[in-house]
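Good morning, and thank you for joining this group meeting. Please take a moment to look at the structure before I describe it.

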Amino acid sequence: MSKLNKITGLAASAALAAAVSGTALAHGDVTPQAVDTTGLSPLGEEWADTNPYRDSDDFGRAVEIGASAYNQNCARCHGLDGISGGIAPDLRYLTADYDGDEWFKYRVINGAVRDGKVYMPKMAETLSQEALWAIRSWLETKYVEE
């Protein structure tokens, strides 16, 4: 094999390795996935200040929907079963009260951007209030005290 062919082969191999490793290390498709909220009471357009499902007959159904919705939309960054690997905040530490709800609501509506980079998309632009409060309901079942 000529020296030129070796150099060309090495360059092509390096480019392919870089492309494959970049894909393997990425979070994957972070486009929000649709959530079927059938069975939950509709909440309307105006956002509730606190989790409306927490003390309602809908809580069990909200937890069920929220578990699936979390795995489809949040686990890539926030970790399987709510256990963060350090990439994003561990949402299990959000208290099931006004303070925890306020933080959750702010983040899902506004997302998070640092230095012009999107760290969390504005989930409320894609997912309904019902879907997002269902995720919050599921997270409340995973709460861990600090």
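Predicted model: local features only at pLDDT ≥ 70, side-chain atom pairs only at ≥ 80, totals over all residues.

A contact, in this presentation, means heavy atoms within 4.5 Å. With that term in place, residues 24 or more positions apart account for 67% of the contacts in the protein chain with a separation of 6 or more.

Let me turn to the overall architecture. The protein chain contains five helices and two strands, and their order along the sequence is α-α-α-α-β-β-α. Of its 146 residues, 33% count as buried. The chain exposes about 9100 Å², and carbon and sulfur atoms supply 54% of that area.

I now come to the aromatic residues. A pair of aromatic rings is described by the distance of the centres and the angle of the planes. The structure holds three aromatic pairs. One of them joins Trp 47 and Trp 133; this pair is tilted, with 5.7 Å from centre to centre and 55° between the planes. Where do the two partners of this pair sit in the chain? Trp 47 belongs to the loop between α1 (3-25) and α2 (59-73), whereas Trp 133 lies in helix α5 (residues 129-140), so the pair links distant parts of the chain, 86 residues apart.

Are these two tryptophans buried or exposed? Buried means under 20% relative accessible area. Trp 47 has a relative accessible area of 19% and therefore counts as buried. Trp 133 is buried as well, because its relative accessible area is 0%.

A further tilted pair is formed by Tyr 70 and Trp 138, with 4.6 Å between the centres and 35° between the planes. This pair, too, links distant parts of the chain: Tyr 70 is in helix α2 and Trp 138 in helix α5, 68 residues apart. Both Tyr 70 and Trp 138 are buried.

The helices α2 and α5 themselves deserve attention. How do their axes cross? The axes come within 7 Å and cross at roughly 95°. Angles of 65 to 115 degrees count as roughly perpendicular, and α2 and α5 are therefore roughly perpendicular to each other. The residues that make the contact include Phe 59, Ala 62, Val 63 and Tyr 70 of α2, together with, among others, Ala 134, Ile 135, Trp 138 and Leu 139 of α5.

Two further details complete the description. Trp 47, Phe 104 and Trp 133 form one aromatic cluster. Elsewhere, Arg 114 lies over the face of Tyr 119, at 4.1 Å from the ring centre.

Definitions and conventions. Residues numbered from 1 in each chain as written. Heavy atoms only, no water. Helix = DSSP H or I, 4+ residues; strand = E, 2+ residues; numbered from the N terminus. Buried < 20%, exposed > 50% of the residue type's maximum accessible area, 1.4 Å probe, protein only. Areas by Shrake-Rupley, 256 points an atom, 1.4 Å probe, with all protein chains shown as cover. Phe/Tyr/Trp six-rings, centres within 6.5 Å; stacked < 30°, edge-to-face > 60°. Lys NZ or Arg CZ within 6 Å of the ring centre and 35° of its normal. Axes fitted to C-alpha atoms, helices over the stretch in contact; angles between N-to-C directions. Parallel < 35°, antiparallel > 145°, perpendicular 65-115°, else oblique.
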